[in-house]
Amino acid sequence: MSPGEGPVRFTLDEMAVIVEDLMRIADDLKSSGDEVNAYLLDLVVNRLLDRAFGGDSDGG
Amino acid sequence: MTASNGRWWRRTRDSWKPSRLVSSCPLCHTDIVSKQESSAEVDNVRQRLIEAEEEYQRARTDDYVTRLLRDSAIVDAHRAGLSSREISTLVGDIGQPNVVRARRRAVTRREVFPAGLLSPADAVRESGLGPREFIHAVREGRLIAVELPGGVRAFRVKDVRRTRNAS
């Protein structure tokens, strides 16, 4: 792995903000009938939350 | 199909509007509805399955997301009490054995959660907590996740509601 390819790390607070934004967008999409993209966003949120629960982020 | 090929992301909101049963599903609507004195919930599940099937037929079989959604709708239909035979009638290109396979495929897939359990995202919604508070509740052991096969984490509805009431 080159120096430019290191992992990106977020604090728990940053993860929470990202999750909150994604969930708000997903809820907006769902309410407008775009269930597919809302569903896809939820999949991303689930992955992020999984990481946050497991202590894979930096903490914070 | 994956999201990365851009197909779904090119879709506009208006392109994902499931049509109504009566207008576009001549195969099944009157017969099924008249034969079964279904509860509103079963009717609702049946309607979702029909709409998922219609979208699946529009996008065709190589579209992963529509297949995923249809499999999920098949699972819901099973849970609501629809028979494999009826489901096979509702979904055009799938025989009864394949209905069972689709159900198995869906229940073992990472993103489909058994009844009584919530995905992490839905658990956050149900809890009434913000994501930050929810994450801390899990990390501090105030809310226990259920480990599903494949390392998937889910949450019991009753646990999430208890957390909501306690907060």
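Predicted model: local features only at pLDDT ≥ 70, side-chain atom pairs only at ≥ 80, totals over all residues.
Me: Which residues of α2(A) and α9(B) meet?

Reply: From α2(A) come A:Leu49, A:Ala52 and A:Phe53, and they meet B:Ile135, B:Val138 and B:Arg139 of α9(B). Sorted by class, the residues of this contact between α2(A) and α9(B) comprise 5 nonpolar, no polar and 1 charged.

Me: How many residues does each chain give to the contact as a whole?

Reply: The size of an interface is often given as the accessible area lost when the parts come together. In this model the contact is counted in residues instead, with 23 taken from chain A and 20 from chain B. On the side of chain A that touches chain B, the elements giving two or more residues are α1 (12–31) and α2 of chain A, and α2(A) supplies the largest share, 13 residues. That side of chain A has 12 nonpolar, 5 polar and 6 charged residues.

Me: What does chain A consist of, in helices and strands?

Reply: Chain A has 2 helices and 0 strands, and of its 60 residues 27% count as buried. Among the contacts in chain A with a separation of 6 or more, 59% are accounted for by residues 24 or more positions apart.

Me: In what order do the strands of the open sheet in chain B lie?

Reply: Strands of a sheet pair through backbone hydrogen bonds, either parallel or antiparallel. In chain B, 3 strands form an open sheet in the order β1-β3-β2, and the pairing is antiparallel. Since β1 (117–118) and β2 (146–148) of chain B stand at the edges with a single partner strand each, one side of each is left without a neighbour in the sheet.

Me: How many bridges join β1(B) to β3 of chain B, and which helix packs on the sheet?

Reply: Strand β3 (residues 152–156) of chain B is joined to β1(B) by 2 bridges, the two running antiparallel, and B:Leu117 has B:Arg156 in β3(B) as its bridge partner. Helix α10 (residues 157–166) of chain B packs on the sheet, where α10 touches β1 and β3 of chain B, and its direction makes about 65 degrees with that of β3(B).

Notes: Residues numbered from 1 in each chain as written. Chains lettered and ligands numbered in written order. Contact = placed C-beta atoms within 7 Å. Helix = DSSP H or I, 4+ residues; strand = E, 2+ residues; numbered from the N terminus. Nonpolar A, V, L, I, M, F, W, Y, C, P; charged D, E, K, R; others polar. Pairing = 2+ DSSP bridges. Axes fitted to C-alpha atoms, helices over the stretch in contact; angles between N-to-C directions. Buried ≥ 20, exposed ≤ 12 C-beta atoms within 10 Å, placed from the backbone.
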